[in-house]
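Colleague: I am new to this structure and would like a close look at one part of it. Please take me through that part, then show me how it sits in the whole.

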Amino acid sequence: MRRFFLSWAILFVFFSLSLFLALSTGPVRISLFALSARDQSILLNLRLPRALSSFFVGGGLALAGAVFQGLFRNPLADSYLLGISSGASLGAAAALVLGFTSPLAMFTGVSFFSFFGSLLALSLVFYFGSRDGYFSVFRLLLSGLGVGLFFSSLVAVLMIMAEEELKALIFFFMGGFSSASWETAWLAIAFVPICVLIAFYYARELNVLLLGEETALSSGVSTKRIQAIYAVLAAFLTSVSVSVAGLIGFVGLIIPHMVRMAFGADHRILLPFTFLLGGTFLVLCDTIAKMVLAPSELPIGVVTSLFGVPIFLYLLKKERGEYDL
Amino acid sequence: MERNIVLQVNNVSFAYERALVLKNIAFSIRQGEFMALIGPNGSGKTTLLKIILGTLIAREGEIWLDGKPVLSYPPKERAKKMSYVSQQAVAGFPLTVEELVSLGRYPHEERFGRKPGEPQAVEDALRLTDSLPLKERKFTALSGGEKQKVLIARALAQTSYLLLLDEPTVHLDLYFQLQVLNSLKRLCAEGKSTVVAVMHDLNLISLFADKVLLLKSGEALAFGKVSEVLNEGSMEEAFGVKVAVTEDSQTGAVYYLPRKPPP
């Protein structure tokens, strides 16, 4: 128990530290303690939306991964497995290559259509993954695989059609926050916390579901409803993340496992910790991405893997065989 | 004084697609009774358990639980009256034994805050299955038999008075087979529990069950006291196996010895 509170305390310190670093570093040197009018503008219009975007996207992706893994009782499940990212990629590619513009002023073209594409993928996955109004997790996985592959091939077609847009497209696939602004950040800031609260609310039901559907049902959990809520929730989190920051791997798959290895599988602890750790981790990675080769930036995916993988592999080796893999 | 009828199965039939899996099953059991469900593989035992549980819906007939149709209970209310241990041990993620058994308290918990007396139910369930020493261990690191005991403990922690068990002793060694069944039997004798268990071991049934339902191809061949249902004739009819029935002259217990089939 002491270790648990200590871990929370350490995580909070890290969170504050990473936020401070994210706000105080960048191409222009500013001091958070003596702000000129120009500094203030840089801080409020560039760094703050960027830091908040990376926090909520990181937290959202990690949470979505934890939920998918729990829901499918499969350690390899993550948000990209259900074809959601392929839908988002298709939307982004269509916006860039075919020059679609956003019908809503509050979205950029890429973020609107990637969001739209991911929701389209999500509904197709659920349509083909269900039968008589019910879905099984494996049916859903296969349906996601199918939809994902189909969308990916459409993306490939668009890439061949692309000319000077190709660079922007590749930029989207690599993911990152270098173009973050309030215009994209608000999506994450508005939707991720709602999803997070809903996810925490049903954490006990998700625990019971680990025992298998039948046992969960016999324990009084409305399994179909809970599964549907979580599947939609996690897919929606992915949609939001992808449309804000493009494709960022690793966080959704690895962060939940790191937390599970440290604190076990109780979702009431796992979900909040995963969210906060995922968010903090991505803020830190983004800060490193913009600092190391300043003024140019490293792709964030490179940084997440470079720093995250060694920690993960260390934990994996140290794990005492209680993790049933 | 006869105890209340806990479970009543009224002429239940069930079919997957077109093939009829259960035909007109009817029986009832009273509080505190230990009922065994026996029959060849594929005879409909697990299907019957699932219909009682309410996860499958009977095509005809009805299940009554504690005086009301089972499907009329809201899920949590039903879970307070009936718990279930399935054949397969799942949970691939590292919950501790205590955490896992605590999940049995789910139907009793309020969303915010716990009810008093809750850790006691978990503790009792662990003690009854002799798994208190496993409390801090990770479920995923246990042996098959230990997992089985813990899963039974989880169902006991649900403190329902009807327990449905699908082959509860299949992974257990001889000592724990007797130990677990004895605990269940004691709960029954105290009137705290009623058990319906799918079992294959004739001798364990003979030692612990009060009643037995013999299924074959979805039909009830016989239902009643163990000594009435399980005999040479019925075993040959149900399983096609010759069984010698002997009585222990000292204890009066009945034992079943299967004969080697002709080559």
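Leaving aside neighbours within four places in sequence, which residues is Phe20(A) in contact with?

Modeller: Now to the residue. Once neighbours within four places in sequence are set aside, Phe20(A) is in contact with Leu32(A) and Phe33(A). Phe20(A) itself belongs to helix H1 of chain A, which covers residues 2-24.

Now look along the chain. Leu284(A) is 264 residues away from Phe20(A) in sequence, yet their C-alpha atoms are separated by 9.9 Å. Where pLDDT is low, the predicted coordinates should not be read in detail. Over chain A as a whole the mean pLDDT is 85. Of its residues, 96% reach 70 or more.

Ser143(A) sits in helix H5 of chain A, residues 137-161. Ser143(A) has a relative accessible area of 9%, so it is buried; the cut-off for that is under 20%. Beyond its neighbours within four places in sequence, Ser143(A) is in contact with Leu124(A), Val125(A), Phe128(A) and Gly129(A).

Step back to the whole of chain A. It has 13 helices and two strands. Its radius of gyration is 20 Å, close to the 20 Å that the globule rule gives for 325 residues, so chain A is as compact as a globular protein of that length. Its C-alpha atoms fill a box of roughly 60 × 55 × 35 Å along the principal axes. Of the 325 residues, 53% count as buried. Take the contacts in chain A between residues at least 6 apart in sequence: 74% of them join residues at least 24 apart. Chain A exposes about 14,200 Å², and carbon and sulfur atoms supply 71% of that area. It carries 19 positive and 16 negative side chains, with the centres of the two sets 9 Å apart.

Chain B is the other part to look at. It has nine helices and 12 strands. For its 263 residues, a compact globule would have a radius of gyration near 18 Å; chain B has 19 Å, which agrees. The C-alpha trace of chain B spans about 60 × 40 × 40 Å along its principal axes. In chain B, 51% of the residues count as buried. Among contacts in chain B with a separation of 6 or more, 66% come from residues 24 or more positions apart. Chain B exposes about 12,100 Å², with 50% supplied by carbon and sulfur atoms. There are 32 positive and 30 negative side chains in chain B, and the centres of the two sets lie 4 Å apart.

Ser234(B) lies in helix H9 of chain B, residues 232-239. It counts as buried, because its relative accessibility is 11%. Not counting residues up to four places away in sequence, Ser234(B) touches Leu214(B) and Val229(B).

Note on methods. Residues numbered from 1 in each chain as written. Chains lettered and ligands numbered in written order. Predicted model: local features only at pLDDT ≥ 70, side-chain atom pairs only at ≥ 80, totals over all residues. Heavy atoms only, no water. Helix = DSSP H or I, 4+ residues; strand = E, 2+ residues; numbered from the N terminus. Rg over C-alpha atoms; globule rule 2.2 N^0.38 Å. Buried < 20%, exposed > 50% of the residue type's maximum accessible area, 1.4 Å probe, protein only. Contact = heavy atoms within 4.5 Å. Areas by Shrake-Rupley, 256 points an atom, 1.4 Å probe, with all protein chains shown as cover. Lys, Arg positive; Asp, Glu negative; His and termini not counted. Charge placed at Lys NZ, Arg CZ, Asp CG, Glu CD. pLDDT = per-residue confidence, 0-100.
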